[in-house]
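Let's take a walk through this one together. Have the viewer open and follow along.

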Amino acid sequence: MPSGQGPAEQLTLEVKREALRLGFASVGIAPPAALTQRNAELARWIVSGFSGRMTYMEKFLERQEKLLAGFQDLRSLVVLAVSYQPSNPSRRAAATDENCATKPSGRVARYAWGRDYHKAIRKRLKHLEAFLKIQRPGVRTLASVDTAPLPERALAQAAGLGFFGKNTCLIRPKGGSYFFLSALLTNLELTPDKPISWDCGACTLCLQACPTQALAKPYELDARRCIAYLTIELRGPIEPTLRPLVGRWLFGCDICQEVCPYNAPSPSRGTQSPETGPWSEFNQESGAGAALPLNKVLGLRSEEDFLKQFAGTPLTRPKREGLLRNACTVAGNLKEPSLVNPLKACLEEDPSALVRDQAAWALNQIASAVHSAAPQPARIPP
Ligand code: B12
Ligand code: SF4
Ligand code: SF4
């Protein structure tokens with residue numbers, strides 16, 4: 001052990017080194033108090049109705065209490081970030097735009113371009129757990145990627161990984177916000193990190209750019225208006241007044257992150273090491289990619305076809321019915337006549353009433369655009 005370092009410091013260094021070796025982009029330690037530190041904000045958010053129909057969020061605090069009651073010897077939280085930033089973001093974004101401009105396609109949020117992140121992260125967390133168990137046999141651990149009721153952004157902020165952006169995302173000053181979070185709880189005494197003192201300053205670009213005004217106030221997101229919620233978490237129809245605001249987003253939304261100066265391409269970000277840069281699981285080639293042709297999605301009539309296309313990717317979350325609902329919304333927004341036939345097929349053949357209803361809406365949108373574009377008969381003065 002280097003002189004001047006206690007066993008906690010030494011073990012903390014070893015855990016962090018191992019996490020980076022496993023491919024995590026950054027790692028920090030938060031004390032147990034960080035778990036409940038922001039519960040008042042979380043409770044206010046839920047009481048305000050901002051969680052919409054995400055019932056798992058309504059039960060969040062109750063589940064957290066149970067977790068803590070069952071882990072009374074909790075001493076430290078190892079909080080980890082994994083980048084999903086494409087290695088050449090400017091080229092990727094251009095490719096997406098081109099794809100959308102030339103074909104009737106719907107956009108997929110960056111976090112979902114590749115394989116499902118839960119599985120990819122869990123695999124590495126298991127290795128980190130195994131490492132700890134070798135270092136300290138008998139140690140207690142609990143690994144979580146969105147599975148346990150942990151306020152992951154608040155934990156990451158407490159562990160010094162980044163600062164809260166006004167778009168509510170956690171941002172790394174030198175790495176932007178395109179990263180996932182996960183945590184490993186343990187009864188080992190590790191040395192906590194300090195939060196970094198940084199903020200957005202006077203910038204309000206994300207608040208202005210959000211098409212649905214889901215970010216009415218800094219640091220407060222009304223999920224009921226957020227395109228990510230509407231296209232991923234919501235079951236049932238998207239409210240008609242919100243449909244046009246969904247634009248081209250087939251799955252998720254990145255607008256408030258795309259406009260953020262911290263996500264602007266930078267030379268240092270283009271040279272991420274292969275270990276801590278995006279994992280191969282998150283490559284476009286291993287999943288749905290940045291954009292999907294709408295006629296293809298609208299033609300997925302059976303669960304088998306849907307799973308053949310998207311099993312193992314985040315796009316299974318809204319199920320076949322939800323993804324086709326989204327495809328109809330985008331088709332209606334694009335008002336693209338070449339999508340009339342696939343939409344008619346949805347209207348006539350789809351087993352889901354939700355898809356049939358949304359297809360009818362999209363066909364109406366296209367028909368009204370065709371009518372308003374048609375040459376108007378000359379007005380004869382009375
Ligand atoms: C529910 C949820 C959603 C909901 C609600 C999002 C939201 N902003 O609340 C919906 C479906 C909309 C969503 C969307 C997205 N999500 Co999401 N989501 C979650 C989940 C499961 C819980 C978040 C939550 O507790 N929200 C409630 C609010 C109140 O909590 P919070 O956002 O964490 O906010 C804390 C701070 O803001 C702070 N706070 C509150 N008030 C104030 C005021 C001030 C002044 C300050 C400084 C701080 C502060 O306290 C809060 C409570 O801890 C987490 C995983 C997890 N277990 O944490 C992933 C998570 C937040 N999501 C994630 C991602 C990637 C996304 C998307 C980018 C996906 C996409 N592209 O479509 C979008 C981003 C949209 C956005 N601008 O937030 C990542 C975020 C990583 C990051 N860098 O921040 C997480 C951590 C998942 C993960 N494991 O990586 N998500
Ligand atoms: S993800 Fe999209 S809809 Fe949601 S807050 Fe950000 S910009 Fe608005
Ligand atoms: S766009 Fe500006 S205000 Fe919004 S999160 Fe980024 S730095 Fe903060």
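This is a predicted model: local features need pLDDT of at least 70, side-chain atom pairs count only at pLDDT 80 or more; totals for chains, interfaces and linings use all residues.

Residues are numbered from 1 along each chain as its sequence is written, chains are lettered from A and ligands numbered from 1 in the order in which they are written, and side-chain values use heavy atoms, with hydrogens and water left out.

Start at ligand 1. Its shell (residues with a heavy atom within 4 Å of it) holds 36 residues, and Asp146, Glu152, Arg153, Leu170 and Leu181 come nearest. By type, that shell splits into 24 nonpolar, 5 polar and 7 charged residues; here Ala, Val, Leu, Ile, Met, Phe, Trp, Tyr, Cys and Pro count as nonpolar, Asp, Glu, Lys and Arg as charged, and the others, Gly among them, as polar. Now look at the backbone: a polar backbone atom of Asn167 sits 2.9 Å from a nitrogen atom of ligand 1, and for Ser177 the distance from a ligand nitrogen to such an atom is 3.2 Å. The elements giving two or more residues to this shell are helices H2 (39–47), H7 (152–158), H9 (227–233) and H10 (255–258), plus strand E7 (179–186). Helices (H or I, at least four residues) and strands (E, at least two) are DSSP runs, numbered from the N terminus.

Asn167 turns up again around ligand 3, along with residues including Cys200, Cys203, Cys206 and Cys260. That shell divides into 8 nonpolar, 2 polar and 1 charged.

Next, find the open sheet of 3 strands, ordered E8-E3-E9 with mixed pairing; two strands pair if DSSP finds at least two bridges between them. Strands E8 (249–251) and E9 (291–293) are the edges, each pairing on one side only. Strand E3 (residues 105–108) runs parallel to E8, joined to it by 2 bridges, and Val108 stands opposite Phe251 in E8. Helix H13 (residues 319–334) packs on the sheet, touching E3 and E8 (contact means heavy atoms within 4.5 Å), and its direction makes about 170° with that of E8. Axes are lines fitted to C-alpha atoms, for helices over the stretch in contact, and angles run from 0 to 180 degrees between N-to-C directions.

Last stop: which helix holds Glu233? Glu233 is in H9. Its side chain makes a polar contact with the side chain of Arg317 at 2.8 Å; a polar contact is a pair of N or O atoms within 3.5 Å, and within protein one must be able to donate a hydrogen and the other to accept it, while residues adjacent in sequence count only if both atoms are side-chain atoms.
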